[in-house]
Amino acid sequence: MQKIGYEKSELRRFVMQLLSDKIKKLENFIDFTIEASRDIKKTPKYDSIREEAQEEIYQLQKQLAGFYDMQKSMAKVVNSESEKVRLGALVITNKARFYISISLGEFFYDGDRFYAISEESPLAQKMLGLTVGSEFTLNKIHQKIVEII
């Protein structure tokens with residue numbers, strides 16, 4: 001089930017590319033929404049439609065700012081080896097694979113499921129400082145750390 005020996009620098013590059021792709025897609029969607037809001041014809045519902053479009057653009061820009069913050073945070077993620085769980089660690093448990101980096105969620109890499117979680121997340125907080133063989137429980141789910149890369 002669990003592949004051992006992932007290349008962490010490749011995983012980091014992959015996560016950075018996922019984030020860049022999300023940013024590009026969101027930027028394109030914002031541009032599309034702005035253009036669409038300009039094309040709205042004067043109708044009885046003109047003001048309410050335009051207001052909804054502006055609210056959508058505002059929400060998308062907030063989301064985009066969050067992705068830019070994630071990019072900055074990824075600059076702090078190091079690839080060095082560690083015996084303990086810390087920022088930049090790839091933690092493989094008996095249940096899942098966690099990349100302690102940014103809060104990007106689930107993704108697939110090299111045919112396997114991973115979870116990119118921030119070091120502020122409750123799960124990462126439970127794991128920080130633990131070593132291979134350590135066990136922890138969160139939300140009634142018991143896990144054992146099999147490997148730290």
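A polar contact is a pair of N or O atoms within 3.5 Å; within protein, one atom must be able to donate a hydrogen and the other to accept it, and residues adjacent in sequence count only if both atoms belong to side chains. The model is predicted: local features need pLDDT of at least 70, side-chain atom pairs count only at pLDDT 80 or more, and totals for chains, interfaces and linings use all residues. Residues are numbered from 1 along each chain as its sequence is written, and side-chain values use heavy atoms, with hydrogens and water left out.

The side chain of Thr93 makes such a polar contact with the side chain of Gln143, at 2.6 Å. The Thr93 side chain also reaches the backbone nitrogen of Lys95, at 3.1 Å. Thr93 belongs to strand 1, residues 90-93 (strands are DSSP runs of E, at least two residues, and helices runs of H or I, at least four, numbered from the N terminus). Thr93 is buried, at 0% relative accessible area (buried means under 20%, exposed over 50%, partly exposed in between, with a 1.4 Å probe and protein chains only).

Lys8 lies in helix 1, residues 8-38. Lys8 is buried yet has no salt bridge (a side-chain nitrogen of Lys or Arg within 4 Å of a carboxyl oxygen of Asp or Glu). The nearest side chain of opposite charge, Glu81, is 5.1 Å away (Lys and Arg count as positive, Asp and Glu as negative; His and the chain ends are not counted). A polar atom of the Lys8 side chain lies 3.1 Å from the backbone oxygen of Gly88.

Aromatic pairs were searched for across the whole structure, and six were found (rings of Phe, Tyr and Trp, the last by its six-membered ring, with centres within 6.5 Å; planes under 30 degrees apart are stacked, over 60 edge-to-face, the rest tilted). Phe14 and Phe107 form a tilted pair, with 5.9 Å between centres and 35° between planes. Phe14 is in helix 1 and Phe107 in strand 3 (residues 105-109), so the pair ties together parts 93 residues apart in sequence. Phe14 is partly exposed, at 27%. Phe107 is buried, at 5%. Phe14 and Tyr109 also form a tilted pair, with centres 5.1 Å apart and planes at 55°. Ring pairs link Phe14, Phe107, Tyr109 and Phe114 into a cluster.

Asn139 has a positive phi, near 55°. Asn139 sits in the loop between strand 5 (135-138) and strand 6 (141-148), and is exposed at 66%. Lys140 lies in that loop, with phi near 65°.
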